[in-house]
Amino acid sequence: FDIANGSGASPLGVDLATLDGMANRTYTVTEPFEEKRIAFKGVDLWSVLQRAGVPTTAKTVHIVALDDYKIDLSVAELRKGGIILATKADGEPIPLDHGGPSRVIFLEGVDAGANPDRWIWSVSHITVS
């Protein structure tokens with residue numbers, strides 16, 4: 001997928017190999033739709049955005065799924081941490097029919113993830129404004 005960092009520069013293309021290289025932690029959370037605990041491997045989304053060169057003036061992160069489902073997260077929410085871009089579930093790549101190949105998950109206790117509608121699957125692109 002691509003990340004447009006809001007600076008007017010060309011979007012940064014991020015592939016699964018890059019994400020997997022950054023994803024060095026496993027987070028076990030209760031997945032709200034399957035209603036079970038799943039061990040997701042991923043990287044804090046804020047780290048990905050920093051790598052993309054998000055400017056300090058950025059306010060909002062727009063995330064779009066392959067099916068055009070959209071959510072917005074504030075940069076302030078992302079800076080707090082606990083919002084993860086996951087590429088694996090229970091040690092395996094996330095299949096497309098289970099929200100892969102990458103999806104946003106929230107660690108338990110993160111206010112931004114209290115609404116399950118924000119758990120966006122099959123991330124297509126991210127734009128920062």
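**Exercise 1. Strand pairing around S5**

Which residue in S10 is the bridge partner of Val64?

*Solution.* The model is predicted: local features need pLDDT of at least 70 and side-chain atom pairs count only at pLDDT 80 or more, whereas totals for chains, interfaces and linings use all residues. Residues are numbered from 1 along each chain as its sequence is written, and side-chain values use heavy atoms, with hydrogens and water left out.

Step 1. Helices (H or I, at least four residues) and strands (E, at least two) are DSSP runs, numbered from the N terminus. Two strands pair if DSSP finds at least two bridges between them.

Step 2. S5 and S10 pair in the antiparallel sense over five bridges. The bridge partner of Val64 in S10 is His125.

Step 3. Strand S5 (residues 60–65) also pairs with S6 in the antiparallel sense, over five bridges. Here Ile63 has Ile71 as its bridge partner in S6.

Step 4. S5 and S6 form a hairpin with four residues between them, and Asp68 in the turn has a positive phi of about 70°.

**Exercise 2. Overall composition and confidence**

State how many helices and strands the chain has, and where confidence is lowest and highest.

*Solution.* Step 1. The chain has three helices and 10 strands, in the sequence order β-β-α-β-β-α-β-β-α-β-β-β-β.

Step 1. The average pLDDT (the predictor's confidence in each residue, from 0 to 100) is 89 for the chain, and 90% of the residues score at least 70.

Step 2. Confidence is lowest in strand S2 (residues 12–13), with a mean of 64, and highest in strand S6 (residues 70–74), at 97. Where pLDDT is low, the predicted coordinates should not be read in detail.

Step 3. Residues 24 or more positions apart account for 57% of the contacts (heavy atoms within 4.5 Å) in the chain with a separation of 6 or more.

**Exercise 3. The surroundings of Arg118**

Determine whether Arg118 is buried or exposed, and identify the polar contacts of its side chain.

*Solution.* Step 1. Arg118 is located in the loop between strand S9 (103–106) and strand S10 (123–128).

Step 1. Buried means under 20% relative accessible area, exposed over 50%, and partly exposed in between (1.4 Å probe, protein chains only). Arg118 has a relative accessibility of 18% and therefore counts as buried.

Step 2. A polar contact is a pair of N or O atoms within 3.5 Å; within protein, one must be able to donate a hydrogen and the other to accept it, and residues adjacent in sequence count only if both atoms are side-chain atoms. The side chain of Arg118 makes such a contact with the side chain of Glu77 (3.1 Å). The Arg118 side chain also reaches the backbone oxygen of Ala112, at 3.2 Å.

Step 3. Leaving aside residues up to four places away in sequence, Arg118 touches Ile71, Asp72, Leu73, Glu77, Phe106 and Ala112.

**Exercise 4. Aromatic pairs**

How many aromatic pairs does a search of the whole structure find? Describe their geometry and location.

*Solution.* Step 1. Rings of Phe, Tyr and Trp (its six-membered ring) pair if their centres lie within 6.5 Å; planes under 30 degrees apart count as stacked, over 60 as edge-to-face and the rest as tilted. The search finds two aromatic pairs.

Step 1. Phe33 and Trp121 form an edge-to-face pair, 5.9 Å centre to centre with 90° between the planes. Phe33 lies in the loop between strand S3 (25–31) and strand S4 (36–44) and Trp121 in the loop between S9 and S10, so the pair ties together parts that are 88 residues apart in sequence. Phe33 is partly exposed at 46% relative accessible area, and Trp121 is partly exposed at 26%.

Step 2. Phe106 and Trp119 form a tilted pair, 5.7 Å centre to centre with 55° between the planes. This pair links distant parts of the chain, 13 residues apart: Phe106 in strand S9 and Trp119 in the loop between S9 and S10. Both Phe106 and Trp119 are buried.

**Exercise 5. The faces of S9**

*Solution.* Step 1. In a regular strand the side chains alternate between the two faces of the sheet.

Step 1. Four bridges join S9 to strand S7 (residues 83–89), and the two run antiparallel. Ala86 stands opposite Arg103 in S9.
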